[in-house]
Amino acid sequence: LQIEKRVQKAQRGDKEALLQLVLDKKDEYYRLAFSYLRHEEDAMDALEDMIVILYEKIDRLKKPASFYSWSKTILVNECNTLLRKRKKVTVMKIDEQPSPSNEGESAIHKLDVRRHLDHLSADQREAIQLRYWLDYDYETIAQLTNVPLGTVKSRIANGLKKLKQHFGGEYV
Amino acid sequence: MSEIEKHLSEEGEEIRTLKAPDALENRLRMRLKSTPPKRNKTWKKWSVIAASLLFAFFFTYQFETIAFYGKEIFGYDAVLTDSLRELNEQGRGQVIEKSAGRADVRRKPADCHVHDSSSTWWKRR
């Protein structure tokens with residue numbers, strides 16, 4: 001109920017109400033963006049872009065209760081746009097750059113999993129990351145990535161199969 | 001859960017416990033502040049319509065179209081035909097009331113004959 005009131009306020013152009021809505025779940029947003037971009041600055045950029053789009057389009061939101069799933073879909077789209085831009089700009093592998101958040105990571109097999117993830121198609125990687133990294137259920141993933149439930153399931157299944165092949169039986 | 005799924009999930013642990021940086025709130029606030037306030041959409045729509053109409057009137061050549069349809073709409077011809085009778089009554093036409101034609105063609109009766117500098121009308125009964 002609180003959410004709906006705030007959304008209605010934001011729809012009337014109240015910037016502070018919109019900001020509070022986002023800040024209430026800032027960790028969730030941040031994790032989502034980070035799982036895509038794996039970079040602190042980029043994740044914050046994506047969030048900034050998202051809040052501008054939210055502000056411009058919130059009056060088109062019909063159901064105030066679905067604010068969070070709607071805004072997360074927008075965030076996912078923004079992340080994908082940033083990833084596409086990044087692909088054009090740099091040929092370096094982001095994974096191998098030491099970023100501050102990776103410092104604590106010592107186990108080699110973790111790096112392995114990450115590197116193997118890059119062998120998957122973008123769609124499969126996206127679905128697997130949302131499922132296993134962020135613990136989202138199939139339905140949420142379907143909503144966020146704008147595809148049918150069956151597609152999500154098959155993307156995850158195929159992605160896992162491919163990963164197993166790349167590991168070559170090491171972890172199967 | 002297979003081994004691989006466990007690994008994936010373990011790796012996600014790092015992200016699942018992630019906290020948004022403190023700078024985020026400030027950045028979002030500043031960005032939102034710098035976005036221009038939304039304009040009234042209906043106002044925008046009507047101004048676009050008005051501007052395009054003005055554009056159409058001033059920058060396209062369509063006086064002939066207006067002349068043609070103006071005649072159609074305002075019934076120029078009907079007005080003219082009606083006024084023939086008036087002209088006749090004013091004595092500016094010439095009453096004939098005779099019919100002419102060859103013997104093998106159907107005869108055409110004529111009421112009156114009005115005349116101006118450019119053309120001649122025959123008004124039929």
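In the predicted model, buried residues (under 20% relative accessible area, 1.4 Å probe, protein chains only) make up 19% of the 125 residues in chain B. The accessible surface of chain B (Shrake-Rupley method, 1.4 Å probe) is about 10,400 Å², of which carbon and sulfur atoms supply 58%. Local features of this predicted model need pLDDT of at least 70 and side-chain atom pairs count only at pLDDT 80 or more, whereas totals for chains, interfaces and linings use all residues. Residues are numbered from 1 along each chain as its sequence is written, chains are lettered from A in the order in which they are written, and side-chain values use heavy atoms, with hydrogens and water left out.

Chain B contains 5 helices and 3 strands, assigned as DSSP runs (helices H or I, at least four residues; strands E, at least two) and numbered from the N terminus. Along the sequence, these elements follow the pattern α-α-α-α-α-β-β-β. Of the contacts (heavy atoms within 4.5 Å) in chain B between residues at least 6 apart in sequence, 18% join residues at least 24 apart.

In chain A, the axes of helix α7 (residues 122–133) and helix α8 (residues 138–145), fitted to C-alpha atoms over the stretch in contact, come within 10 Å and cross at roughly 135°. The contact involves A:Glu126, A:Ala127, A:Leu130 and A:Arg131 of α7(A), together with A:Tyr138, A:Ile141 and A:Thr145 of α8(A).

Key:
Buried means under 20% relative accessible area, exposed over 50%, partly exposed in between (1.4 Å probe, protein chains only). Axes are lines fitted to C-alpha atoms, for helices over the stretch in contact, and angles run from 0 to 180 degrees between N-to-C directions.
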